[in-house]
Amino acid sequence: MNNNFCGTWASSQYSCEANLPPVSLENKTLRQIIRTSIKGDGFRFHFSNFLGESPLEIKEARVAKNGPCGTGAIILDSDTKITFGGKSEVTIPAHDEIISDVIPFSAPALCELAVSIYSNAFIVDQIETGKYL
């Protein structure tokens with residue numbers, strides 16, 4: 001695996017306060033389905049808290065190939081931990097960002113991946129600014 005990286009999927013920061021889910025997000029996992037544009041054998045994940053007014057604690061993040069469309073399921077044998085400096089947990093300060101370690105993970109072009117992010121303390125302003133994307 002070489003160290004040349006290019007973006008394959010991205011999301012802009014935006015306010016989604018009018019679309020907040022009607023459930024508590026405490027001790028929940030948020031899953032974002034992304035579609036790669038090119039193939040890759042190693043991935044880095046960029047998490048942003050640029051619009052946040054408080055730190056964002058990620059207790060665990062994982063990536064897996066997405067299961068059947070619309071089920072929310074993953075392909076279990078592809079489930080891979082995302083780490084930050086070798087650790088599962090990371091705190092992203094307000095108005096900052098972090099990039100994960102390089103994760104050995106193979107995915108073809110136009111593949112759907114499920115990125116799952118667990119935090120025991122998602123708070124409303126973090127969801128309103130879309131920091132979990």
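Residues are numbered from 1 along each chain as its sequence is written, and side-chain values use heavy atoms, with hydrogens and water left out. Because this is a predicted model, local features need pLDDT of at least 70 and side-chain atom pairs count only at pLDDT 80 or more, while totals for chains, interfaces and linings use all residues.

User: Happy to start simple: which pattern does the chain follow along the sequence?

Analyst: Helices (H or I, at least four residues) and strands (E, at least two) are DSSP runs, numbered from the N terminus. Read along the sequence, the pattern is β-β-β-β-β-β-β-β-β-β-α.

User: Is strand E10 largely enclosed or open, and how many of its residues are buried?

Analyst: Buried means under 20% relative accessible area, exposed over 50%, and partly exposed in between (1.4 Å probe, protein chains only). In the chain, buried residues make up 38% of the 133 residues. Strand E10 covers residues 112-119 and is largely enclosed by the rest of the structure, because the buried residues number six of the eight.

User: Over how many bridges does E5 pair with E10?

Analyst: Two strands pair if DSSP finds at least two bridges between them. Strand E1 (residues 28-35) pairs with E10 in the antiparallel sense over eight bridges, and there Arg35 stands opposite Glu112. E5 also pairs with E10 in the antiparallel sense, with Arg62 opposite Ser116. For E5 and E10, the count is six bridges.

User: What share of the contacts with a separation of 6 or more comes from residues 24 or more positions apart?

Analyst: A contact means heavy atoms within 4.5 Å. Across the chain, the share from residues 24 or more positions apart is 80%.

User: How many salt bridges are there in total?

Analyst: Side chains of opposite charge can pair when their charged atoms come close. Here a salt bridge is a side-chain nitrogen of Lys or Arg within 4 Å of a carboxyl oxygen of Asp or Glu. By this rule, the count is five.

User: How many residues apart in sequence are the parts tied together by Glu89 and Lys59?

Analyst: The closest N and O atoms of Glu89 and Lys59 are 3.4 Å apart, making a salt bridge. Glu89 lies in the loop between strand E6 (80-82) and strand E7 (90-92), and Lys59 in the loop between strand E4 (56-58) and strand E5 (60-65), so the parts tied together are separated in sequence by 30 residues.

User: And where does Arg62 find its salt-bridge partner, and how far apart in sequence are the parts?

Analyst: Arg62 forms a salt bridge with Asp79, with the closest N and O atoms 3.1 Å apart. Arg62 lies in strand E5 and Asp79 in the loop between E5 and E6, so the pair ties together parts separated in sequence by 17 residues.
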